[in-house]
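Subject: Structure handover

Hello,

Here is the structure I promised to pass on. Please open it and keep it beside you as you read.

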Amino acid sequence: MEYVTLGRTGLRVSVAGLGCGGFSRLGLGTGKSEAEAVALIREALDLGINLLDTAAVYGTETVVGEAIKSVPRDRVVIATKAWIPRSEGRSAADRAVASLDNSLRQLGTDYIDIFQLHGVSPRTYDRAIDVIAPALLKEREKGKLKHLGVTETGSSDPEHAMVQRAVEDGVWDVVMVAFHMMHQNARTEVFPRTMANRVGTLLMFAVRNIFSRPERLAAALRELTASGQLPHWLADAPNPLGFLVHEGGASTVTEAAYRFVRHEPGVDVVLFGTGDRAHLRANIASLLAPPLPLADRQTLAQLFGRLVGVGLDPPYSMPGFSLP
Ligand SMILES: NC(=O)c1ccc[n+]([C@@H]2O[C@H](COP(=O)([O-])OP(=O)(O)OC[C@H]3O[C@@H](n4cnc5c(N)ncnc54)[C@H](OP(=O)(O)O)[C@@H]3O)[C@@H](O)[C@H]2O)c1
């Protein structure tokens, strides 16, 4: 495993982080048992992953708590999140503190390394910074959390408007950002500012559905060619991203997707979600592999560099917000 310093938090974290949400939810989302999820986390830790990203709404905090029981607490970096519905006004602060206390109980720990507000939209950001953050900073003084973070919504904020504000406010030490082969705008819109302000970054959406299910990629390409955003040959090709798979390049499109994000300047930790132990090992190997060949990166930039908001589909929807 390779380790980096997560911005101004000073935390040493693995470049691969285990996402405990997404479609897989450590396998719980696809019918696996809690025991299998615990075993998957333990294997990830054995392979050198030390950052686990969960959330109150994922239903995986207790599983994470069980898996880390036998691990010295300072060997693992726990990131979790509170989701505060838009309807909560000033009581949002109380709700966030209650969520923090509940996460501590579920995880069976005394402190959270990175406590994040989950899926904050541009519309709810004022409340996050003015109402919720001050309350959480008081909890930080009590030692319940070490660093505050914020995650963007992805699908409803593809231009990263919320994170662009958050990185300048000095409160959020970590931001979670969407970036992948067909949604590359964080390169210019986010990463220069996170690097300048030493805000740590957790990368989400590297693969999601679009690069793990060929039919989802095909559907996206049909839409994008129909709207004139991509050349028609891409939708007609039997294996449209096949140009990435070759001797000296990636061996699968999924591998290419993880390698693409991993080496982007400004990306600290690449989160991936899986309930499959073979995928766990493959993804770590991908994230430790060299950058994609220059010619492939140039083709990806030329073909997809102007696309925004592709492939950010959530697994399910809640009124006014999509998770996780
Ligand atoms: N707004 C937010 O706060 C937010 C939003 C999205 C995500 N996140 C965080 O980011 C994490 C990562 O997102 P994600 O879970 O969607 O991860 P991802 O790595 O982008 O995509 C995971 C999907 O790809 C599949 N997959 C993984 N490795 C594969 C492989 N080697 N070959 C084929 N398919 C593979 C998984 O299925 P298998 O189970 O079959 O491997 C799963 O369906 C989440 O778990 C969560 O912690 C946060």
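Below are the ground rules, followed by what was found.

This is a predicted model: local features need pLDDT of at least 70, side-chain atom pairs count only at pLDDT 80 or more, and totals for chains, interfaces and linings use all residues. Residues are numbered from 1 along each chain as its sequence is written, and side-chain values use heavy atoms, with hydrogens and water left out.

**Helix α2**

Start with helix α2, which runs over residues 61-68. Helices (H or I, at least four residues) and strands (E, at least two) are DSSP runs, numbered from the N terminus. Is α2 mostly covered or mostly open? It is mostly covered, as 6 of its 8 residues are buried. Buried means under 20% relative accessible area, exposed means over 50%, and partly exposed is in between (1.4 Å probe, protein chains only). The buried residues are Glu61, Val63, Val64, Gly65, Ala67 and Ile68. What covers them includes helices α1 (34-46) and α3 (92-107), plus strands β4 (51-53) and β5 (77-82).

Glu66 also belongs in this part of the tour. Its partner in a salt bridge is Lys69, with the closest N and O atoms 3.1 Å apart. Glu66 counts as partly exposed because its relative accessibility is 36%. Lys69 has a relative accessible area of 62%, so it is exposed.

**Leu28**

Next, find Leu28 in the loop between β3 (16-19) and α1. Leu28 counts as buried because its relative accessibility is 17%. Which residues does Leu28 touch, not counting those up to four places away in sequence? They are Ser33, Glu34, Ala37, Gly59, Thr60 and Val63. A contact here means heavy atoms within 4.5 Å. Val63 is also one of the buried residues of α2. Now look across to Arg306. Leu28 and Arg306 are 278 residues apart in sequence, and 36 Å apart in space, C-alpha to C-alpha.

**Salt bridges**

How many salt bridges are there? The count comes to 15. The rule asks for a side-chain nitrogen of Lys or Arg within 4 Å of a carboxyl oxygen of Asp or Glu.

Take Arg8 and Asp173. Their side chains meet in a salt bridge at 2.9 Å, N to O. The pair links distant parts of the chain, 165 residues apart. Arg8 is in the loop between β1 (3-5) and β2 (12-14), and Asp173 is in the loop between α5 (161-166) and β8 (174-178). Arg8 is partly exposed at 26% relative accessibility. Asp173 is buried at 9%.

Asp53 and Lys81 form another salt bridge, at 2.6 Å, N to O. Asp53 lies in strand β4 and Lys81 in strand β5, so the pair ties together parts that are 28 residues apart in sequence. Both Asp53 and Lys81 are buried.

There is also a network of salt bridges. It links Asp101, Glu139, Lys142 and Lys144.

**Arg262**

Last stop: Arg262, in helix α10 (residues 253-262). Arg262 is buried, with a relative accessible area of 13%. Its side chain makes a polar contact with the side chain of Glu2, at 2.5 Å. A polar contact is a pair of N or O atoms within 3.5 Å; within protein, one must be able to donate a hydrogen and the other to accept it, and residues adjacent in sequence count only if both atoms are side-chain atoms. A polar atom of the Arg262 side chain also lies 2.8 Å from the backbone oxygen of Leu287. Leaving aside neighbours within four places in sequence, Arg262 is in contact with Glu2, Val15, Val270 and Leu287.

Best wishes
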